Amino acid sequence: MKPYVICHMLGSVDGRIKQNIWGLKDHHKYFEEPASKIKADAWLVGRKTMQEFCSKKKHKLEKPKEKIAKEDFVAAKVARQYAIVIDPSGKCFWDTNMVSTEQVIEVLSEEVSSSYLAHLRSKNVSYIFGGKKELDLALVLKKLNKHFGIKRVRIDGGGHVNGSFLKAGLIDEFSLVLAPLADGTIGAPTVFEAEEGYGKRKATRFTLKSVKRIYNDFLWLRYVTKRSKQ
């Protein structure tokens with residue numbers, strides 16, 4: 001069973017992701033308060049986004065006494081919700097297996113070392129493998145449901161992670177908090193970054209689910225993908 005996937009983002013009218021030039025005070029609330037109203041068993045981000053939450057210490061990896069098999073590791077459940085990071089190369093380090101009130105799950109490729117797996121196990125951090133080199137995101141979602149009972153996932157970026165799920169056709173719903181400003185920065189990160197050029201890929205089409213005016217001039221737009229039965 002594939003979990004229902006909702007991508008939630010804060011973006012400018014020209015599709016950029018939050019930058020310092022926006023000049024928003026307490027900018028986190030514009031993203032987090034609407035996000036908290038979206039029912040989900042887990043939130044998922046890319047490695048760069050998650051590094052805001054993981055360990056800031058320098059960790060030295062030690063070679064384990066025995067090679068650790070590239071098999072999924074499921075730690076005992078200690079929280080109601082999960083924080084999932086797409087981290088194919090194993091670059092996030094942890095002091096604990098929690099981010100605030102959510103339990104961490106690492107999504108890895110089989111290229112990670114036994115030393116890194118030993119680090120995760122030492123902190124009781126769950127991990128699953130999504131492929132040998134490239135991640136099969138459909139497989140990742142199935143494993144999240146199978147091993148952790150996750151039925152609804154909220155993807156919180158960044159643009160490359162959003163784009164990867166979009167390109168794979170795995171997003172069921174899109175939630176956008178539209179900030180009343182234009183960024184205009186050439187090359188700035190955008191809400192979805194799937195690939196360069198057009199190629200044979202078709203744009204993903206949505207049906208409007210709801211629109212709400214919030215924080216005076218912001219809009220909260222919610223869309224369902226056209227293929228979705230929701």
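This is a predicted model: local features need pLDDT of at least 70, side-chain atom pairs count only at pLDDT 80 or more; totals for chains, interfaces and linings use all residues.
**Glu-102.** Leaving aside neighbours within four places in sequence, I find Glu-102 in contact with Trp-43, Ala-79, Gln-81, Tyr-82, Ala-83 and Asn-97; contact means heavy atoms within 4.5 Å. Glu-102 is in strand S5, where strands (E, at least two residues) and helices (H or I, at least four) are DSSP runs numbered from the N terminus. Glu-102 and Ala-83 are 19 residues apart in sequence, and their C-alpha atoms are 5.5 Å apart in space.

Buried means under 20% relative accessible area, exposed over 50%, and partly exposed in between, with a 1.4 Å probe and protein chains only. Its side chain makes a polar contact with the side chain of Trp-43, at 3.1 Å. A polar contact is a pair of N or O atoms within 3.5 Å; within protein, one must be able to donate a hydrogen and the other to accept it, and residues adjacent in sequence count only if both atoms are side-chain atoms.

**Notes on the model.** Residues are numbered from 1 along each chain as its sequence is written, and side-chain values use heavy atoms, with hydrogens and water left out. Local features need pLDDT of at least 70 and side-chain atom pairs count only at pLDDT 80 or more, while totals for chains, interfaces and linings use all residues.

**Asn-97.** I moved on to Asn-97, which is in the loop between S3 and strand S4 (98–99). A polar atom of its side chain lies 3.1 Å from the backbone oxygen of Asn-124. Not counting residues up to four places away in sequence, Asn-97 touches Val-78, Glu-102, Gln-103, Val-104, Lys-123, Asn-124 and Val-125.

**Nonpolar cores.** I took a nonpolar core as a set of buried Ala, Val, Leu, Ile, Met, Phe, Trp, Tyr and Cys residues joined through side-chain atoms within 4.5 Å. The largest has 29 residues, and Leu-44, Ile-84, Leu-144, Ile-150, Ile-155 and Phe-165 touch the most other members. Elements giving two or more residues to this core include strand S1 (4–11), strand S2 (42–46), helix H4 (137–148) and helix H5 (159–167). H4 gives the most, with five residues. Another core, of 22 residues, lies apart from it and has Val-85, Cys-92, Phe-93 and Leu-117 among its members.

**Cysteines.** I counted zero disulfides, a disulfide being a pair of cysteine sulfur atoms within 2.5 Å. Cys-54 counts as buried at 7% relative accessibility, and Cys-92 counts as buried at 0%.

**Strand S10.** Six of the eight residues of S10 (residues 218–225) are buried, so this strand is largely enclosed by the rest of the structure. S10 runs antiparallel to S8, joined by six bridges; two strands pair if DSSP finds at least two bridges between them. Glu-173 stands opposite Val-224 in S10. S10 also pairs with strand S9 (residues 206–214) in the antiparallel sense, over eight bridges. Here the bridge partner of Phe-206 is Thr-225 in S10. The hairpin of S9 and S10 has three residues between the strands, and Tyr-215 takes a positive phi near 50°.
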